[in-house]
Amino acid sequence: MTAFSVGRLPRVEFGAGAIRKLPELAASYGPRVLLVTGARSFDNSSYGPALLQALHAKGCSVSIVKVQGEPSPELVDEAVRAHHPDNISVVIGLGGGSAIDAAKAIAGLLITGQSVLDHLEGVGPELPYRGPAVPFIAVPTTAGTGAEATKNAVLSRQGFDGFKKSFRDDALVAQLALVDPDLMVGCSPALIAANGMDALTQLIESYVSTKSSPFSTALARSGLEAARGGLLAWHQGGAAASAAREQMAYAALLSGICLAQTGLGSVHGLASPLGAYFPIPHGVVCGTLLAAATEVNIAAMALREPHSIGLTRYAEVGRLLTGAHGCDDAEDRAALLRLLQRWTEQLAMPSLSALGVSAADIGRIVAGSRGSSMKTNPIALGDDEIAAILSARL
Ligand SMILES: [Zn+2]
């Protein structure tokens, strides 16, 4: 069997009603809580007021940082400046991927007081991070990024010369990931679609990654089976939605655990410049590109590396997602592409041009796509192949 390593993982509490364990678990770290949450979602939620009350009842003081949109280095630095003197005992990131990533970065820097720009990959001096981090609890309220299980916080600056880069270190991994599918009840169909496609992309990219291992493959397989039953059923609503929501919360958690072990692929390579240059949510970028990127990967391997293990793995993904028991790998890969195209349409993933991207932008998006994710794509793609993924979705 191939040798492999398992990176650091959080303790996990998964299940409906798990939020009720949070006050006691948080208080076990000490009395000063910094809660990092979405701009409005927390105030309007059914659980927010009860959680604050329960934390106060445990003797905790709670300071709140609100995150609007995807987090910037400035937001992180400002929160660190404001709360550096407060002797915070635990940071809770409660919200979507943006709130969790912001909380992860803030928890990492509260003690050192340094700017996150000192450590951000590919931006600034890239000084080594030596910690220590304040204990961090991640509580996702959407089923998508899996940020509750990963060691990187993605921060972005939007615009023509924007960037979307990671602050990454083992010390940033949450002490506890508390995943309560009941917190995801209010997600809109559009949010379910985008976040679900992100989780699906992460599971598939991990499964076919050049760094996949028997350990990551087993988890990705379980996540893909959950996504197969969960994604469309939750999106459509109705009687099956509650069980489907739990399946997607599980799939998203596993997608984070998997990506932390294996890295990702071309979709996430492209998500970095696309999300930096255009105000497109991460899940939408993944959702709109997944089918086209899978097709380009399969075609490139069939052409140049016909004996690649990646082709076998894509056939396995096809069987996992379609339920087919085929004995013809090429047919199972074709079935996978048909399913991904169908889901892209059913989940109303917009075209890139509808998102403000034009053919003239393709060159600089391709140039910005060769970050860490692209390095674990199952085949090294040429610029023309990466451009073809984008062209197919214009
Ligand atoms: Zn992602």
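Predicted model: local features only at pLDDT ≥ 70, side-chain atom pairs only at ≥ 80, totals over all residues.
View 1. With a relative accessible area of 1%, Lys104 is buried, because buried means under 20% relative accessible area. The side chain of Lys104 makes a polar contact of 2.8 Å with the side chain of Thr150. The Lys104 side chain also reaches the backbone oxygen of Asn152, at 2.9 Å. Apart from neighbours within four places in sequence, the residues in contact with Lys104 are Phe136, Ala147, Thr150, Lys151, Asn152, Ala153 and Leu172.

**View 2. Ile19 in the loop between strand E1 and helix H1.** The loop that holds Ile19 runs between strand E1 (11–14) and helix H1 (22–27). Is Ile19 buried or exposed? Ile19 has a relative accessible area of 12% and is buried, since the limit for a buried residue is under 20%. Leu176 is 157 residues from Ile19 along the chain, and the C-alpha atoms of Ile19 and Leu176 are separated by 12 Å.

**View 3. Packing of helix H6 against helix H10.** Helix H6 covers residues 189–208 and helix H10 covers residues 282–304; their axes come within 7 Å and cross at roughly 60 degrees. H6 is therefore oblique to H10. The crossing in which H6 passes H10 is left-handed. On the H6 side, the contact is made by Ala194, Met197, Asp198, Leu200, Thr201, Gln202 and Ile204. H10 contributes His282, Gly283, Val284, Cys286, Gly287 and Leu290. By class, seven residues of the contact of H6 with H10 are nonpolar, five are polar and one is charged.

**View 4. Packing of helix H7 against helix H11.** Helix H7 (residues 214–236) packs on H11 at an angle of about 40 degrees, and the two axes are 8 Å apart. At this angle H7 and H11 are oblique to each other. Is the crossing of H7 and H11 right-handed or left-handed? H7 and H11 cross in a right-handed sense. From H7, Arg221, Leu224, Glu225 and Arg228 meet Glu316, Val317, Leu320 and Leu321 of H11. The contact of H7 with H11 has four nonpolar and four charged residues, and no polar ones.

**View 5. Packing of helix H11 against helix H12.** Helix H11 spans residues 309–322 and helix H12 spans residues 329–346. Their axes lie 8 Å apart, at an angle of about 60 degrees. H11 is therefore oblique to H12. H11 passes H12 in a left-handed crossing. The H11 residues in the contact are Leu311, Thr312, Tyr314, Ala315, Val317, Gly318, Arg319, Leu321 and Thr322. Those of H12 are Asp329, Asp332, Arg333, Ala335, Leu336 and Leu339. The contact of H11 with H12 comprises eight nonpolar, three polar and four charged residues. Val317 and Leu321 of H11 take part here, and Val317 and Leu321 also meet residues of H7.

Conventions:
Residues numbered from 1 in each chain as written. Heavy atoms only, no water. Axes fitted to C-alpha atoms, helices over the stretch in contact; angles between N-to-C directions. Helix = DSSP H or I, 4+ residues; strand = E, 2+ residues; numbered from the N terminus. Parallel < 35°, antiparallel > 145°, perpendicular 65-115°, else oblique. Left-handed = near helix turned anticlockwise from the far one by under 90°. Contact = heavy atoms within 4.5 Å. Nonpolar A, V, L, I, M, F, W, Y, C, P; charged D, E, K, R; others polar. Buried < 20%, exposed > 50% of the residue type's maximum accessible area, 1.4 Å probe, protein only. Polar contact = N/O pair within 3.5 Å; in protein donor to acceptor, adjacent residues only side chain to side chain.
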